[in-house]
Amino acid sequence: MLNTDNIIRNFPILTRVINGKKLVYLDNAATSQKPFSVVEAISSYYLNNNANVHRGVHTLSDESTTIFETSKIKIAKFFGAKNNELIFVRNTTEAINGVAYGWGEQNINSDDVILVSILDHHSNIVVWQELCKRKKARLIFVGITSDGKFDVNDFDAKLKKFAGKIKLVVFPHVSNALGSTIDLKIIVKKVRATEKVRVVEKTLRSKNIVSKSSGSKSDFKFDSKIRILVDGAQSAPHMKINFDNLDVDFFAFSGHKMLGPMGIGGLLVREELLITNEMRPWLFGGGMIAEVHESHTIFNDNLSERFVAGTPDVASVAGLAVACEYLENLGMENVLIHDHGLVQYALSELEKNKNVEIVGPKDETRTGSVSFIFKGVHAHDVAQVLDSEGIAVRSGHHCTMPLHTSQKWIATTRASFQVYNSKADIDALTDGLKKVAKIFL
Ligand SMILES: Cc1ncc(COP(=O)(O)O)c(C=O)c1O
């Protein structure tokens, strides 16, 4: 486990007293706290270097451009991605919207299928519902197992059932509601194996690939490219991501959940999709152009700049780079070990409470959070009592209403962890739950 006594000193907010008690912050899946070095990077930028990037020859503009570019290189490296593959956005939600508008608008057609998981956050559902509405495409959900894991058998069955129709597969790397961790290797292998399926002539005809007059009954090789989008909002804060080794097409993340500032996140896109223009800019304006004429525009050849429309948030990019450095200094392997240690400790302590029903997986694959139902007490009441003890947790559906509805859960309470949390924080939580029982039961 990490040495949290040292780490806590880097997070001034953790010294706060809430309702007369020392703050115990267990709402990290919603947003993490920021170390002093991240806040300092942002204020230092505005106090010393602020100027617009890429557009000036004066010294401050040069400094600002250098801060932006060097920070970008650091962040891309942190994610094991090429510099060109990183597109800055505000957050995971905007990254997913970017895939819908930059890729989906030109690649999804009527009757195509997008596979999504019932574990998905609303951000990775609503965007696709809207695209499907625009394109008359279909959104098909993959279910979960009885212990709250992504159901690989159901996924397999749907890959087969909709073979030749599936254009996009999306899922969360780690579920924000249940902590279920999806094994990317297994999913990618299955998707890539399905890409070259033998489909009967009937299927090809229905897609107008073979003329209706063809009488042949023979099978055809059909290369159906399936793009994979991973929602990494809850994995990036806890584990090493090596984008170039994952063989996925898109990876979305939010800086604010991984010790970085709010308002900055990233969409990683496989370079080939950018080079071939399969993925196009979805925001247009200055900065991303090479030439603008009255009749047309030629976009910047530089892939890295083609997706920067308008002035970027340089200070937040600088802050995110420092957050990446902070995590890297701890070592992402250690960060994951620490998280899994806390999750397992929380599971074992909460299980001792007969009023608590844990939802989601209980094995070592669970990452980031533990959610539960406190029998007979609404989750909001649980959270309110815990707040009176200085303990911050989240209650409700956690932006996973389809999941909660499918499981008939009205609401759940979630404790989620970061590098500064310790077993003592979980002890405070279990003590706080005793007060809940005293008040309500
Ligand atoms: C799995 C998952 N996806 C997407 C999001 C949306 O993130 P943001 O609000 O930063 O866009 C969240 C936020 O909690 C999440 O947990």
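User: Which residues have the most contacts inside the largest nonpolar core?

Analyst: In this predicted model, where local features need pLDDT of at least 70, side-chain atom pairs count only at pLDDT 80 or more, and totals for chains, interfaces and linings use all residues, they are Ile75, Phe79, Phe155, Phe171, Phe253, Met258 and Val419, within a core of 77 residues. Residues are numbered from 1 along each chain as its sequence is written, and side-chain values use heavy atoms, with hydrogens and water left out. A nonpolar core here is a set of buried Ala, Val, Leu, Ile, Met, Phe, Trp, Tyr and Cys residues joined through side-chain atoms within 4.5 Å, and buried means under 20% relative accessible area, exposed over 50%, and partly exposed in between, with a 1.4 Å probe and protein chains only.

User: Switching to the ligand, which residues are closest?

Analyst: Thr93, Asp231, Gln234, Ser254 and Lys257 are the closest of the 13 residues around the ligand, where near means that a heavy atom of the residue lies within 4 Å.

User: What polar side-chain atom lies 2.6 Å from an oxygen atom of the ligand?

Analyst: One belonging to Lys257, while the side chain of Gln234 places a polar atom 2.7 Å from a ligand oxygen, and an N or O atom in the side chain of Ser254 is likewise 2.7 Å from an oxygen atom of the ligand; a polar contact is a pair of N or O atoms within 3.5 Å. Of the 390 Å² of accessible area that the ligand has on its own, the protein covers 88%, as computed by the Shrake-Rupley method with a 1.4 Å probe.

User: And Ser32, buried or exposed?

Analyst: Ser32 is buried, because its relative accessible area is 1%, and it lies in the loop between β3 (24-25) and α2 (36-49). A polar atom of the Ser32 side chain is 2.8 Å from the backbone nitrogen of Leu259.

User: What about Lys136, where is that?

Analyst: Lys136 sits in the loop between α5 (123-135) and β6 (138-142), and it counts as exposed because its relative accessible area is 64%. Its phi is near 60°, a positive value in a residue other than glycine.

Terms used:
A polar contact is a pair of N or O atoms within 3.5 Å; within protein, one must be able to donate a hydrogen and the other to accept it, and residues adjacent in sequence count only if both atoms are side-chain atoms. Helices (H or I, at least four residues) and strands (E, at least two) are DSSP runs, numbered from the N terminus.
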